[in-house]
Amino acid sequence: MFDLATRRIIGATVLMLATVITIGMVWLTEEQRMARYEAIHKGKAIENGALLYEQYCATCHGPNGEGVPGKGPDLNPGVFQHYQELKQTQNYANSLRNFIKLTIAAGRPIRSTYRANEVYADPMPTWSQDFGGPLRPDQIENLVEFILNWQAAGPTPAPTPSFEAVGTDLTKPLPPGDPKRGEALWNQEVKQASGAAASCKACHSLKPGEVLVGPSLAGIATRAAERIRAPDYKGQAKTPEEYIRESIQQPNAYIVEPDKYAAAPGVSKMPATLGNQMSAQDLADLIAFLMTLK
Amino acid sequence: MALRWPEPIPTLQKEVQQYGWRRVIFMHLDELVTRVTAGIPLTEVRNIIRGEPPPRPNPRVKPHTEGFILHIKPSFYHEAVTRLYPTFRLGLLSFYLFLIETITGIFLMIFYTPSPLVAYENMLRILNNVPFGQLMRDVHRLGAEAMVVAVMLHMLRTFFTASYKRPRQFTWATGVILLVFTLFLSFSGYLLPWDQLSYWAVTIGTSMAEATPPPALGRIVNLILRGAPDIGAAGLLRFYLLHVIFLPLLLFFVFFVHYYKVVRHGLSLPPEMEAVGDDTARKVPPEKRVPYIPDIAIQEALWGIGLIAFLVIGAAFFYDAPLEQHADPLNTPLHTTAPWYFLWLQGLLKDPLLLALDRLGLPRPPSTIYNSKTIMGVILPGLILFFLLIMPYLDFNISRRYSHRRKALVAGLVGVAAWTLLTYMGTPAFAVTSSADVEVLQEFMPLNPDPLFGEGRVRTIPYEQLVPGTYDTRNLQPPADAPRLARVLEELKHRVETDPHLPQGYAIVHISEVQAGLKRFEIILRWLKLDEHHQPVRDEQGNPVFQEAKRAIYLHRDSTYGGE
Ligand code: HEM
């Protein structure tokens with residue numbers, strides 16, 4: 001249709017237009033893009049700060065900034081309160097950000113008046129390399145972002161308890177159980193390590209013969225001893241305690257009266273995830289309590 | 001004596017009276033155009049645009065004799081070298097890229113200070129506070145990669161078309177020097193962002209320096225290059241100066257030597273067009289001449305437009321220059337690699353010779369005689385470079401015909417294949433030897449982006465799907481409304497359960513919310529401890545003992561990691 005030269009010129013014009021349009025698009029979206037980049041980077045700074053906090057600060061100020069008796073005061077809300085107090089009583093003139101930054105960088109060589117009646121073993125050391133500490137300036141900034149985020153991002157969520165759930169692991173050694181606490185757990189007077197109440201009694205009654213969803217647990221200690229000797233028993237338990245433990249952590253290991261208590265072939269109506277809410281101590285206490293039900 | 005103008009004084013008024021104002025405007029415009037173009041009058045420009053042939057004598061060759069910029073360019077090309085083959089315009093593109101790098105580089109220099117205290121912060125400012133900052137940075141980075149590619153391909157093409165042969169041996173030799181400068185130019189720029197990627201890539205890339213024999217010299221070479229035993233403030237400043245002044249100046253200078261030779265000898269014709277042993281590039285019969293102005297000039301302008309379009313559109317939509325965490329000399333990322341064009345060196349350092357000996361079951365030579373780093377990292381690359389430099393002078397085959405150069409062509413292909421293989425060997429995909437648990441943690445949540453695993457699987461989970469809780473791969477019950485979390489947990493389960501080095505392996509995952517908008521993600525790996533007879537180790541009660549490895553990272557709502 002066109003000769004080579006014309007085609008080339010058309011092609012170059014299109015490319016040039018495309019370039020100009022691209023630059024125009026970048027221009028129009030540049031403000032938003034920069035703001036977004038800033039937000040992303042701030043998020044990463046907070047992540048870095050959190051890791052540094054865990055590594056360097058948590059031993060004295062607690063994993064969630066709640067403080068450690070004898071070692072360091074709480075930071076959340078400690079720093080924020082201390083700052084307000086300084087501003088109101090001493091006309092402290094620096095910004096909150098700088099207050100935090102300076103404290104981390106240069107440490108607290110002498111005891112401040114805040115939480116004056118508490119005793120801490122050591123003064124807060126210097127952290128910035130500028131003052132002989134281990135951290136680079138950018139790391140100090142990251143820590144500041146993390147600490148500010150306790151308030152900047154709204155109320156701190158109730159801490160998700162970080163505990164080692166027993167899960168389905170039957171080999172994990174258990175500490176000695178306390179039947180009193182086990183009973184309190186059963187009655188939902190104390191919470192499991194996950195922070196949630198134990199849900200056992202929603203499905204199990206302690207009245208003999210009463211079936212809610214699962215069987216009554218009255219006399220379970222005696223029954224457990226019989227179960228493990230039953231010919232069709234195919235679990236691993238050797239003792240009544242082990243039998244109760246297995247039933248809680250791995251309900252599918254052996255299902256009593258499957259036509260009554262199985263949701264599907266081989267799957268018990270009892271959820272297999274109860275162990276994810278319990279620490280080893282919770283489990284031991286519950287077992288100890290159930291073992292009192294002769 | 002009073003100073004007087006000669007009569008009559010040529011005033012604008014008189015001119016207009018004499019010729020009329022239309023003609024006067026034309027005369028002055030014509031003069032302006034003739035001066036700016038160094039010799040082409042306005043009427044001729046019109047002729048060019050209309051596509052008319054030049055008059056005789058041809059005013060279109062004037063800029064080649066009168067002008068500075070075009071005096072180095074030939075005034076006509078042989079018609080046979082104006083198509084894509086044989087040049088593929090790779091030399092031209094290399095030069096254009098150099099120019100584009102200079103312009104974008106100066107833009108970046110405005111906002112950059114070569115100090116470890118602020119360099120990284122400067123990079124962040126360029127990205128979040130300088131309009132067009134990211135575009136400029138991306139074009140600069142993409143252009144740098146493209147330049148390395150273009151120069152390498154240009155070298156291959158001059159090899160395969162036998163353009164390095166007599167009389168162009170010296171052109172080739174200057175080309176090899178240009179290649180080295182191009183690589184070092186790119187490499188020196190690599191360090192400047194001062195993030196983990198750049199810091200460790202350059203640490204790896206300069207680690208051979210120390211192996212320069214003899215040891216006393218090696219120490220000095222290392223000190224000169226890095227400014228201290230390890231890269232720090234002094235090293236950054238050195239690399240900066242190399243990158244922005246020293247290497248560009250040298251490259252610019254050598255380029256003109258190179259290009260002068262190219263023009264002196266003329267672009268070599270396609271090999272099949274000449275009698276064996278002839279070089280007729282400069283004897284172009286009149287009917288084969290294609291004038292530089294306008295034909296070639298327009299072609300070159302079009303290539304420039306195409307290149308700019310490629311870089312701008314590529315950088316705006318398809319390519320983002322990486323910026324990782326701040327450089328941390330105390331924390332080596334697991335899979336550190338040199339930039340891709342030096343991976344072949346990293347491959348050499350894994351020492352194919354020793355690997356081959358191991359394969360064959362032969363003993364390794366004692367390390368007192370044979371030091372991999374010195375031989376594979378310094379001496380061999382040095383020899384390769386030297387060989388490349390003098391290669392044209394060793395080639396006694398006068399024919400440029402492909403059919404007469406079977407051995408050379410095969411050798412060239414073998415060279416390319418070896419380079420590719422070594423490059424592969426340089427990647428962490430080949431012969432990395434960290435333990436299985438470390439690899440798993442790296443695969444799911446590396447502390448720095450990993451050349452093999454990127455940001456890792458965990459960071460692909462959208463923030464809302466990080467449901468707090470404890471998950472056990474032996475009994476996975478992920479929440480129903482978190483499909484991506486469920487998939488990653490499923491992958492983790494599969495990974496730990498199928499790794500032969502993690503017998504009875506399982507993983508516990510804790511997710512907790514530590515601040516509004518911030519979650520902690522921890523993986524605990526456990527696997528059976530085996531003794532030297534591959535039997536499980538047991539404790540006093542006879543229970544099998546498990547080994548443990550764990551790592552935690554934090555994830556913020558805003559720090560999107562690209563994900564899926
Ligand atoms: C910054 C790097 C380089 C630049 C800017 C550059 C530029 C050029 C240009 C513009 C040409 C004209 C023909 C063409 O476009 O192909 C050329 C020709 C040539 N270059 Fe390069 N070059 C570079 C690197 C190299 C390298 C690495 C080699 C080989 C080791 C090399 C070897 C040659 C040879 C032999 C010719 C003559 C080709 C012929 O006459 O057909 N150059 N170079």
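**Reading the cavities**

Analyst: In this predicted model, helix H1 (4–61) and helix H4 (137–152) of chain A each give at least two residues to the lining of the largest cavity, where helices are DSSP runs of H or I with at least four residues, numbered from the N terminus. Local features need pLDDT of at least 70, side-chain atom pairs count only at pLDDT 80 or more, and totals for chains, interfaces and linings use all residues. Residues are numbered from 1 along each chain as its sequence is written, chains are lettered from A and ligands numbered from 1 in the order written, and side-chain values use heavy atoms, without hydrogens and water.

User: How many cavities of 30 Å³ or more does a search of the whole structure find?

Analyst: Rolling a probe the size of a water molecule over the atoms shows where empty space is left. A cavity is a set of points, on a 1 Å grid over the protein atoms alone, where a 1.4 Å probe fits but cannot get out, and its lining residues have an atom within 4 Å of a point. Here the search finds 2 cavities of that size, and the largest has a volume of about 50 Å³, counted as the space filled by probe spheres set on points joined across faces, edges and corners.

User: Which residues line the largest cavity?

Analyst: Among them are Ala50(A), Tyr53(A), Glu54(A), Val514(B) and Tyr554(B), and H1(A) gives the most, with 3 residues.

User: What lines the second largest cavity?

Analyst: Its lining includes Ile204(B), Met208(B) and Phe342(B), while helix H10 (196–206) and helix H14 (343–349) of chain B give two or more residues each.

Definitions and conventions. On a 1 Å grid over the protein atoms alone, a cavity is a set of points where a 1.4 Å probe fits but cannot get out, and a pocket is an open set with protein on both sides within 12 Å along at least five of seven lines; lining residues have an atom within 4 Å of a point.
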